[in-house]
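These entries record what I looked up in the structure shown below.

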Amino acid sequence: MNVDLHCHSTVSDGVLAPDQVAYRAHQNGVELWALTDHDEVGGLALAEQTALNLGMGFVPGVEVSVTFLGKTVHILGLGVDYTSSQLVDSLRYVRAGRWQRAERISDALAGMGIPNALEGAVPYASNPELVSRTHFARFLVEQGYCSTLQDVFNKYLGDDAPAYVPMQWAALDEAIQWIQQAGGVAVIAHPGRYEFDTLQFDLLFDRFKELGGVGIEVVTGSHAPHQYNEYARVAKRYGFEASMGSDFHGPEEGRLDLGQLPALPSDLTPIWKRWLS
Ligand code: AMP
Ligand code: MN
Ligand code: MN
Ligand code: MN
């Protein structure tokens, strides 16, 4: 089955509107699809309606920004009731502070010889409550400061780069609780991206499990292929269900397009069994 349970629209830092992402997923052969915008469920009604019209299976999702051991971790909520006012209100609280952070990123870039970056990034952000580093990165590429988004993150905006501005996102327990109270299941997104040591990873996985987290992304466009097996082993060791998703942001970006994912390594429990009936 062609499953893609992680991607973004213009509601956060994707370049296509929610219905356009649905069309592209369907065109690429996706049979079960989740839209998972960062800290925002505002695209899910349109996404769901479009998927329904196309006869494509749909799982409403969200990718919540969390701070764990001082670093940013992304937790996917899959199967959430996006009309839950508790979820909507909690996500608004996670988004608060993004604007101030964007101003500080802009100041830091100005100090590095890149003026007016906020003015440049804002037109890329359809949702003014959700100015993301990705929007800055697109502006910097467009202006010729860097040739790829990856370069921007290496040189300016990545977690160890000079124009990085730390944020305090949600706590892990809060994020999992919001997801659960909205009827969803929590999934650790792209664990291979986090720069934790072994002990810190164990803490993350133990704590996540203790709090009722159920899934981990194994196959994702944010993992290099050798990491599929690495996180397949983690899934088995912890008894996590396995998820997969492209983490698609736009046609010209990222490693994998919608619906272009290799199969999960064998012996794993696919999380999407929950939505097949
Ligand atoms: P923010 O939530 O504003 O901190 O932005 C995080 C977003 O930046 C992620 O969701 C990715 O879309 C993007 N991102 C983070 N690191 C990288 C990277 N190394 N290369 C390309 N995009 C990245
Ligand atoms: Mn993103
Ligand atoms: Mn992410
Ligand atoms: Mn993502």
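**Aromatic pairs**

The model is a predicted one, and I read every value below as computed from it.

I turned to Phe208 and Phe240. This aromatic pair is edge-to-face, with 5.5 Å from centre to centre and 75 degrees between the planes. Phe208 lies in helix α9, whereas Phe240 lies in the loop between α10 (225-238) and β7 (241-245); the two are 32 residues apart, and the pair links distant parts of the chain. I noted both Phe208 and Phe240 as buried.

Which residues do the ring pairs link into a cluster? I listed Phe68, Tyr194, Phe196, Phe201, Phe205, Phe208, Tyr231, Tyr238 and Phe240.

**Manganese site**

I looked up the protein donors of the manganese ion (ligand 3) and found Glu63 (OE), His74 (ND1) and His190 (NE2), at 2.1 to 2.2 Å from the ion. Along the chain these donors follow the spacing E-x10-H-x115-H. Glu63 sits in strand β3 (residues 57-68) and His190 in the loop between β5 (185-188) and α9 (198-210); this pair links distant parts of the chain, 127 residues apart.

Are Glu63 and His190 buried or exposed? Glu63 has 0% relative accessibility, so I recorded it as buried. His190 is at 1% and therefore counts as buried.

I also noted the separation between the manganese ion (ligand 3) and the manganese ion (ligand 2), which is 5.5 Å.

**Helices α1 and α2**

I finished with the packing of helix α1 (residues 18-27) on helix α2 (residues 44-54). Their axes are 8 Å apart, at an angle of about 35 degrees, and the crossing of α1 past α2 is right-handed. On the α1 side I found Pro18, Asp19, Ala22, Tyr23 and His26, which meet Leu46, Ala47, Thr50, Ala51 and Leu54 of α2. I sorted the residues of this contact into seven nonpolar, two polar and one charged.

How values were computed:
Residues are numbered from 1 along each chain as its sequence is written. Chains are lettered from A and ligands numbered from 1 in the order in which they are written. This is a predicted model: local features need pLDDT of at least 70, side-chain atom pairs count only at pLDDT 80 or more; totals for chains, interfaces and linings use all residues. Side-chain values use heavy atoms; hydrogens and water are left out. Donors are N, O and S atoms within 2.8 Å of the metal (3.2 Å for Na, K and Ca); water is not among the atoms, so sites may look incomplete. Helices (H or I, at least four residues) and strands (E, at least two) are DSSP runs, numbered from the N terminus. Buried means under 20% relative accessible area, exposed over 50%, partly exposed in between (1.4 Å probe, protein chains only). Axes are lines fitted to C-alpha atoms, for helices over the stretch in contact, and angles run from 0 to 180 degrees between N-to-C directions. A crossing is left-handed if the near helix is turned anticlockwise from the far one by less than a right angle, and right-handed if clockwise. Contact means heavy atoms within 4.5 Å. Ala, Val, Leu, Ile, Met, Phe, Trp, Tyr, Cys and Pro count as nonpolar, Asp, Glu, Lys and Arg as charged, and the others, Gly among them, as polar. Rings of Phe, Tyr and Trp (its six-membered ring) pair if their centres lie within 6.5 Å; planes under 30 degrees apart count as stacked, over 60 as edge-to-face and the rest as tilted.
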